[in-house]
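Good morning, and thank you for coming. Please bring it up on the screen.

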Amino acid sequence: MLAQLLVSGIAQGAIYALVALAMTVIYRATTVVNFGHGDLLMAGAFSVYVFVVLLGIPYLVAAGLGLLLLFVFGYLVQRQLIQPMLDGPHLALAMMAIAVGFALRGIARIYWGREVLPFPRIFPADVYVLGDVVVTSGNLIVTGVALTLMLVLFAVFYLSPVGKLAQAVFQSARGAALVGINVPRFYSIAWGVGAAMAALGGILIAPMTFLYPDMSVWILIRGFAAMTLGGFGSLHGAVVGGLLLGVMELLLGAYVSSSLIEITSYLVIILVLLFRPAGLFGQRQVVRV
Amino acid sequence: MLTLTRRLLLALPMMLAAAGLAQAQDAPGVTENTIKIGILAPFSGPNASFGAAGYGVAAYYQHINKQGGVHGRQFEVILSDTACNEATGIAAARRLISQDEVFLINGGVCSGVCLAIRPIIEESGVPWVISTAANQNISEPVADNIFHAIQTSRDYADAMGRFAMSKPGTEKIGIIAHTNEWAKGYQDPLVQYLKDEHGIEQVTEVTMERGSNDATAQVLSLRQADLDFIVVILYEPELAVFLRDAKLHGLDVPKVGSLGADFSNTQNRLGGKEPMQGFYMVHQYRGLLDSPVLADFREAITENLPEGQSFTDFSFYGPGSAVAVVHVLEQIGPDLTREKFIEAMENLQNFDTGVLAGTMSFSPDDHQGVSDVNVIGYDENGELSVFSAWGEKAK
């Protein structure tokens with residue numbers, strides 16, 4: 001039972017890691033925590049659903065269109081809604097992100113408020129049995145994508161000029177602008193990338209969780225808890241935090257009480273902020289959130 | 001020249017008719033040609049799929065309208081959205097009572113919402129015929145104007161317990177349930193039933209919260225408990241997740257589920273009937289929804305659904321109560337008041353709705369009218385069937 005709980009916990013945690021990773025990208029680039037991220041994930045999944053099921057577009061093309069659509073959406077949200085408020089308090093930015101998320105959810109509810117839809121699979125629903133442990137192809141793929149994304153983002157942020165640019169903007173937007181970096185554009189692109197990553201998460205997660213307008217309610221708090229546990233701004237922290245959270249949920253749920261599954265993420269946030277505010281891999285710094 | 005007495009005698013029928021009309025017009029929500037009915041259901045939000053029950057009720061009244069209505073009056077139906085949310089539900093009920101001034105309310109889908117609005121409706125005196133929500137505490141203790149025209153959670157709990165225990169050799173029972181008031185409405189009476197009727201003191205209980213997308217921990221806990229039967233008290237999205245993970249991790253113990261999910265919808269979500277093998281669900285009707293015994297009723301509902309709505313199994317989860325309302329209104333006659341309606345409901349005995357399992361009876365001391373419950377699931381040949389006990393098909 002322990003082995004199964006660990007494997008399933010890691011698989012579940014990979015979902016949280018995907019969410020935390022995308023939130024970390026926006027945070028690292030713009031210092032804003034996108035509290036509307038869960039709804040971007042939902043919007044990405046629904047857009048692919050529309051392309052595939054309603055418009056009959058082949059799955060891979062539809063997935064590409066979904067990523068592109070969400071990239072453009074994230075770019076425009078930053079450009080039109082976030083950018084004009086950048087000099088204001090961060091609380092206002094957080095509220096704007098939440099408002100955008102709720103607006104997306106409201107639109108989805110207009111069309112699919114009564115539906116919980118089976119999402120077409122991009123990968124086969126195979127089941128692998130290793131002794132007493134069962135793992136699905138979905139689990140393996142989501143975990144693999146989360147780890148691959150982490151490595152790619154690690155390379156981008158630490159080994160490429162883009163990473164230096166991000167670091168410069170993160171540390172001082174004004175200083176970066178003075179040396180010729182187009183900071184507003186960089187912010188917009190970062191939001192676009194974060195939104196596209198949300199769409200990718202939605203495409204991978206929806207076949208396992210079903211598709212409905214409120215599908216993001218449970219996922220945002222988990223992603224945020226994973227970020228908190230791993231340390232804000234840390235890419236590998238987001239992944240490790242997500243995986244640990246998934247495992248903790250299942251171990252507490254199976255060995256202590258199933259009632260604890262739901263509150264594990266809240267407990268993690270409280271305990272980490274109390275005893276190790278920087279998380280496992282984050283750096284101590286003052287954050288305006 | 002007519003004497004004053006003769007004039008009065010000649011005028012008497014007209015005066016009586018006028019008085020009758022005035023009385024009808026005095027009854028809130030009733031005019032010479034219409035009866036205003038309020039329908040409470042979640043038509044938006046994450047549980048809006050249950051709203052099909054409300055549309056089903058509306059469709060039945062539309063069906064009666066096409067047949068000429070009741071005593072020359074057409075039903076004017078007002079849909080009021082609770083969104084399956086207590087605060088929204090309270091506002092929706094107040095609107096029906098004070099703003100729309102309906103004659104009666106026929107509806108109520110989410111038990112938590114119905115429990116929240118019970119005091120408001122009880123105080124208003126507006127008759128409320130509950131169509132779908134099952135928690136027995138909505139109509140218990142008895143309120144003069146509130147009638148449960150559908151089986152209650154206690155009936156379903158007893159039916160689940162009875163079905164599980166009717167399988168030879170069943171001794172160890174497990175329960176997986178949400179932690180909300182809706183689930184408690186099933187769980188508490190079930191535990192009591194198992195204790196009182198079968199002397200089972202120990203039941204393995206695990207919880208699964210709304211919105212959960214993984215049930216591995218719960219499934220493994222139940223598997224380790226080595227159970228003979230599992231009772232599942234979950235809403236549809238979580239039920240699908242639980243059945244998916246139960247199949248994945250080899251939890252092949254028979255299971256019986258409460259109301260709160262739609263059997264065919266759940267099967268659609270799981271992508272076929274294989275994960276549904278060994279899973280049964282309480283069923284408040286006398287037959288399968290697509291069986292000949294319910295064909296006429298199904299057609300009446302399907303043809304009269306509001307524009308843009310399509311038929312689902314949930315469309316059936318309510319109209320049985322509307323059949324009773326129409327029957328009682330016909331019995332009362334043209335002179336309609338709320339007092340007469342309440343009195344006629346309390347006198348309703350062994351009424352066959354043609355839809356629900358069993359018959360409907362009320363009394364001044366008992367406003368819970370229906371108690372018979374069947375169980376639906378696949379038989380050994382893979383045929384969807386209605387059962388009255390383990391291995392016994394309902395007649």
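Which residue takes a positive phi just after helix 11 of chain B? It is Gly333(B), with a phi of about 95°. Please bear in mind throughout that we are looking at a predicted model.

Let me stay with helix 11 of chain B. This helix covers residues 319–332, which is 14 residues. From its first C-alpha to its last it reaches 20 Å, close to the 20 Å expected at 1.5 Å a residue. Is helix 11 of chain B mostly covered or mostly open? It is mostly covered, with 10 of its 14 residues buried. Among the buried residues are Pro319(B), Gly320(B), Ser321(B) and Ala322(B), and the buried set also includes Val328(B) and Leu329(B). As for what surrounds them, the buried residues of helix 11 pack against three helices of chain B, namely helix 2 (51–66), helix 10 (295–304) and helix 12 (338–346). They also pack against strand 3 (104–107) and strand 4 (128–130) of chain B.

Five strands of chain B form an open sheet in the order 2-1-3-4-5, and the pairing is parallel. Its edge strands are strand 2 and strand 5 of chain B, each of which pairs on one side only. On average, neighbouring strands of this sheet are turned by 25° against each other, direction ignored. Within the sheet, strand 1 of chain B, residues 34–41, pairs with strand 3 of chain B in the parallel sense over 2 bridges. Gly38(B) stands opposite Ile105(B) in strand 3 of chain B. Helix 4 of chain B, residues 111–124, packs on the sheet and touches strand 3, strand 4 and strand 5 of chain B. The direction of helix 4 makes about 140° with that of strand 5 of chain B.

Next, some backbone details in the loops. Two residues have a positive phi without being glycine: His71(B), at about 50°, and Cys84(B), at about 55°. His71(B) lies in the loop between helix 2 and strand 2 (74–81) of chain B, while Cys84(B) lies in the loop between strand 2 and helix 3 (86–99) of chain B. Why does His71(B) count as partly exposed? It has 14 C-beta neighbours inside 10 Å, and so falls in that class. Cys84(B) counts as buried because it has 25 C-beta neighbours inside 10 Å. There is also a cis peptide bond, from Glu140(B) to Pro141(B), with omega near 5°. Pro141(B) is found in the loop between strand 4 and strand 5 (146–148) of chain B.

I turn now to the other sheet. It is an open sheet of 8 strands of chain B with mixed pairing, in the order 7-6-8-9-10-11-12-13. Strand 7 and strand 13 (392–393) of chain B are the edge strands, each pairing on one side only. At one end of that order, strand 6 (residues 173–177) and strand 7 (residues 204–207) of chain B pair in the parallel sense over 4 bridges. The chain passes from strand 6 through helix 6 (residues 181–198) to strand 7 of chain B, and this β-α-β crossover is right-handed. In the pairing itself, Ile175(B) has Glu205(B) in strand 7 of chain B as its bridge partner. Helix 6 of chain B lies across strand 6 and strand 8 (229–233) of chain B, and runs at about 170° to strand 6.

Finally, the contact between the chains. How many residues does each chain give to this contact? Chain B gives 29 residues and chain A gives 28. On the chain B side, the elements that give two or more residues are strand 7, helix 7 (216–224), helix 8 (236–248) and helix 9 (263–270). Helix 7 of chain B provides the largest share, 6 residues. By class, this side has 9 nonpolar, 16 polar and 4 charged residues.

Asn265(B) is buried, with 20 other C-beta atoms within 10 Å. Leaving aside neighbours within four places in sequence, Asn265(B) is in contact with Glu236(B), Thr312(B) and Asp313(B). Asn265(B) and Glu236(B) are 29 residues apart along the chain, and their C-alpha atoms are separated by 8.1 Å. Thank you.

Conventions:
Residues are numbered from 1 along each chain as its sequence is written. Chains are lettered from A and ligands numbered from 1 in the order in which they are written. This is a predicted model: local features need pLDDT of at least 70, side-chain atom pairs count only at pLDDT 80 or more; totals for chains, interfaces and linings use all residues. Two strands pair if DSSP finds at least two bridges between them. A crossover is right-handed if, with the strands pointing away from the viewer, the path from the first strand over the helix to the second runs clockwise. Two residues are in contact if their C-beta atoms, placed from the backbone, lie within 7 Å. Axes are lines fitted to C-alpha atoms, for helices over the stretch in contact, and angles run from 0 to 180 degrees between N-to-C directions. Ala, Val, Leu, Ile, Met, Phe, Trp, Tyr, Cys and Pro count as nonpolar, Asp, Glu, Lys and Arg as charged, and the others, Gly among them, as polar. The expected span of a helix is 1.5 Å times one less than its number of residues. A residue is buried if 20 or more other C-beta atoms lie within 10 Å of its own, exposed if 12 or fewer, and partly exposed in between; C-beta atoms are placed from the backbone.
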